Amino acid sequence: MKAAVRAWAELLRISALFTVPGDALAGAAAIGRWPGRGTALAVGASLCLYEAGMALNDWADRDEDAVDRPHRPIPSGRITPGAALAAAGALTAAGLTLAARAGRPALTVATGLAATVWAYDLHLKHTPAGPAAMAGARALDLLLGATATAGTGSGSVGGKRPVGATGTSRAARDAGTVLPTRTARVMGPAQPMRPARTTHPDVRAAVPAAALLGAHTYAVTAVSRHEAQGGSTVAPLGALAAIVALGAAAVREQHGSRDLPPVPGKGGPGDRHRPVASAPRLLLTALTAAYLRTAAKPLLHATLNPSPPLTQRAVGSGIRAMIPLQAVLAARAGAAGTGLAVMGLVPLARTLARKVSLT
């Protein structure tokens with residue numbers, strides 16, 4: 001029994017699971033919402049789809065792994081190919097089911113994410129489009145968090161309440177009039193009003209954060225294509241340059257009030273979902289430094305000595321570096337608490353990575 005659990009833990013790369021929840025949390029922060037029910041559903045869907053990709057990846061690579069990595073669960077015979085494929089299918093279905101509970105827009109994004117995962121594992125990863133496909137999948141994962149959070153009406157970070165949220169019935173809001181309440185019966189007849197306006201955030205506000213996360217993923221994936229054989233200095237050097245550039249971009253641009261579009265609702269241009277001030281510069285700088293420290297040093301080592309072990313270590317560190325990057329993305333959107341919460345996953349990921357390989 002213990003051996004079977006160990007085999008499935010290796011197949012599903014459970015040590016990498018802690019890099020997933022931050023996608024949805026960063027997506028929620030990017031649109032100025034506190035994490036809520038939709039965010040939780042997005043996290044669950046993301047975890048399922050991520051694990052589906054891990055199982056499908058090893059199923060698709062079973063012949064290649066038999067030569068390069070005979071210790072992996074499928075080539076070693078600890079898990080059958082059929083079981084791995086069935087797990088990938090079941091996890092995909094579970095992920096889409098969870099996304100559907102967050103609304104149709106979230107399901108649409110999750111479907112695109114699932115299709116990208118399957119396309120990557122079954123074909124694209126062996127083509128020049130592989131890194132772009134993986135980058136797209138990670139960007140979609142962040143957008144899934146933003147879409148699911150917006151679709152289920154989580155509270156805004158700034159504490160704003162939707163117009164018409166109190167004092168009227170749903171029917172009244174739909175009809176554009178206020179029904180008589182106890183107060184209205186005393187004060188007089190109900191007065192007509194404009195149709196109620198909602199405060200649904202614009203999910204497009206999460207696109208810049210998704211692009212940054214996707215760029216990081218592209219760089220790490222480009223290096224991972226050489227982790228079995230090693231020998232490439234160009235890939236880790238290019239990834240190192242990309243990581244430094246991403247860190248500079250993240251710490252340079254903070255989302256203050258001047259960057260936020262007004263949201264339809266009560267008040268004027270200052271009535272916004274997101275807070276008017278970004279995270280303190282010191283916090284943002286510290287989180288960015290953690291991101292660079294996690295990803296850059298192993299990539300430098302792999303550049304100087306592109307052996308398979310150092311290249312694999314650089315890939316593993318690049319995967320773990322997604323956690324501080326997600327924290328940076330949340331903090332630069334003004335959600336300092338969310339960024340610190342995401343950083344709390346770092347020690348858990350580091351501890352589990354010592355027991356189960358990230359790659």
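Guide: Hi! In this predicted model, helix 13 gives the most to the lining of the second largest pocket, with five residues. Local features need pLDDT of at least 70, side-chain atom pairs need 80 or more, and totals for linings use all residues. Residues are numbered from 1 along each chain, and side-chain values use heavy atoms, without hydrogens or water.

Visitor: What counts as a pocket, and as a helix?

Guide: On a 1 Å grid over the protein atoms alone, a pocket is an open set of points where a 1.4 Å probe fits, with protein on both sides within 12 Å along at least five of seven lines; lining residues have an atom within 4 Å of a point. A helix is a DSSP run of H or I with at least four residues, numbered from the N terminus.

Visitor: Which residues are closest to the centre of the second largest pocket?

Guide: Of its 16 lining residues, those are Gln312, Val356, Ser357, Leu358 and Thr359.

Visitor: And how much space lies in the largest pocket?

Guide: About 960 Å³, counted as the space filled by probe spheres set on the points, which are joined across faces, edges and corners. Its lining has 40 residues, and Met54, Asn57, Tyr120, Met134 and Ser224 are the closest to the centre.

Visitor: Which helix gives the largest share of that lining?

Guide: Helix 3, with seven residues. Helix 3 spans 37–60.

Visitor: New topic: what lies over the face of Trp59?

Guide: Arg62 does, at 4.4 Å from the ring centre. The rule asks for CZ of Arg, or NZ of Lys, within 6 Å of the ring centre and within 35 degrees of the ring normal.

Definitions and conventions:
Helix = DSSP H or I, 4+ residues; strand = E, 2+ residues; numbered from the N terminus.
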